[in-house]
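Here are some notes to read alongside the structure. Take the points in order, and find each residue in the viewer as you go.

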Amino acid sequence: MPSKKKARGKARARRVAKSRKAWEEDAAVNVASQIQRLQIGTNSSDQDEDEDALLEDAINFAAAEKEELGAAAAAKNDEANNSKNCLHGFVRFPRGHVCGAFIESFVHEFLVGCESASLYDGFDNVYRATKIKYAEVWNDADKMQLVIAFFLCNGAEKILLDGDSDRGYNDAMFVSFLEQVIAVNIQKTEASHDWGKIAEVKCDEHTLVSFFRKRIPCKCLDESYKEVKSITKMGLCHNLSCSLPDRTAERSKMLSCTRCRRANYCSRECQKAAWPLHKQSCGIHTGRLDELQSRQIEEK
């Protein structure tokens, strides 16, 4: 049985072919109607001249339709080629650049940390293993942006060329995590990391494609977004014992912790069940948030 992605790809190809066929049929009908008009008449010389003029119009019309179809096909080919050649905002850095080495270590240490632990442990392992060797990257917002641009390009390419959105999830999480590193550790505009937000990019294809599309400067993912925008956005229940599949629920219907605004729940029952575990992290975040807001007021 073919996969859903292959089925969608075939369906999309059929829609494109059907659209083009309809366009060609419309052109054929227009030409046919012109020819039919030529076949109605008498043998008078004036009408013969009219028929010659109409025949010339029909020939010109058919040529124009053919040229228009050719231009449309060329435009589609150009769009496909541009998507293949586009780096989606990423600027290649020289071989041996510190950001290239950092990216290799980052991915490796994350995968090692996630082998038998949580998402948090994966990123914690990355930081502990690389914070000294790559301090110049961790502490430099510009270098961080270079790394983020790489992961954005990598994730967009996986969605476009591989047709496999699943392979773009890690790239999206890396981007979300590094954006928060900049905000929390470097610019100090956020109090703490929002781990739920990082994990949420894995909940559905709509969220994933939208995540990349909002961050790349090109329009390469516009068509991919149209294909997934009807998919309901899902959220991750913060209760580790949630009975729902993958702990996911429709995002618009979820409940949030009114204190920290970081933890979401599929139901009141899950919120109550998770409170003993969430209470500590909730207090830590709100405490840091109060400190951050006080500092921002003093700086003003």
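Predicted model: local features only at pLDDT ≥ 70, side-chain atom pairs only at ≥ 80, totals over all residues.

1. As general background, nonpolar side chains in soluble globular proteins tend to be buried together.

2. Which residues is Phe-106 in contact with, leaving aside its neighbours within four places in sequence? They are Phe-123, Val-126, Trp-138, Phe-151, Phe-174, Phe-177 and Leu-178.

3. The average pLDDT of the chain is 80, and 70% of the residues score at least 70. Do take care with residues 4–47, where the pLDDT is below 50; this stretch has 31 contacts in the model beyond near neighbours in sequence.

4. **The chain as a whole.** The chain contains 11 helices and 4 strands. Of its 300 residues, 35% are buried. Looking at contacts between residues at least 6 apart in sequence, 60% of them join residues at least 24 apart. The accessible surface is about 18800 Å², and carbon and sulfur atoms account for 50% of that.

5. **Helix H7.** Is H7 largely enclosed or open? It is largely enclosed by the rest of the structure, because 14 of its 18 residues are buried. Its length also agrees with expectation: at 1.5 Å a residue the 18 residues should span 26 Å, and the end C-alpha atoms are 25 Å apart. After H7 comes Lys-188, with a positive phi near 55°.

6. **Helix H11.** Now turn to H11, which covers residues 268–299. Its 32 residues would reach 46 Å as a straight helix at 1.5 Å a residue, but the end C-alpha atoms are only 40 Å apart. There is a bend of about 65° at Trp-275, with the proline Pro-276 following within four residues. The buried residues of H11 are Cys-270, Gln-271, Ala-274, His-278, Cys-282, His-285, Thr-286 and Leu-292. Strands S3 (255–256) and S4 (264–265) are included in what covers them.

7. **Two residues with positive phi.** His-88 sits in the loop between H2 (45–85) and H3. Its phi is near 55°, a positive value in a residue other than glycine, and His-88 is buried, with a relative accessible area of 3%. Arg-247 is in the loop between S1 (234–236) and S2. The phi of Arg-247 is near 60°, again positive in a residue other than glycine, and Arg-247 counts as partly exposed at 22% relative accessibility.

8. **Where Thr-248 sits.** Thr-248 is part of strand S2, residues 248–250. Although Thr-248 and Gly-235 are 13 residues apart along the chain, their C-alpha atoms are separated by 5.4 Å. Setting aside neighbours within four places in sequence, the contacts of Thr-248 are Cys-203, Met-234, Gly-235 and Leu-236.

Methods
Residues numbered from 1 in each chain as written. Heavy atoms only, no water. pLDDT = per-residue confidence, 0-100. Contact = heavy atoms within 4.5 Å. Buried < 20%, exposed > 50% of the residue type's maximum accessible area, 1.4 Å probe, protein only. Areas by Shrake-Rupley, 256 points an atom, 1.4 Å probe, with all protein chains shown as cover. Expected span 1.5 Å × (residues − 1). Bend = angle between axes of the 7 residues up to and from the residue.
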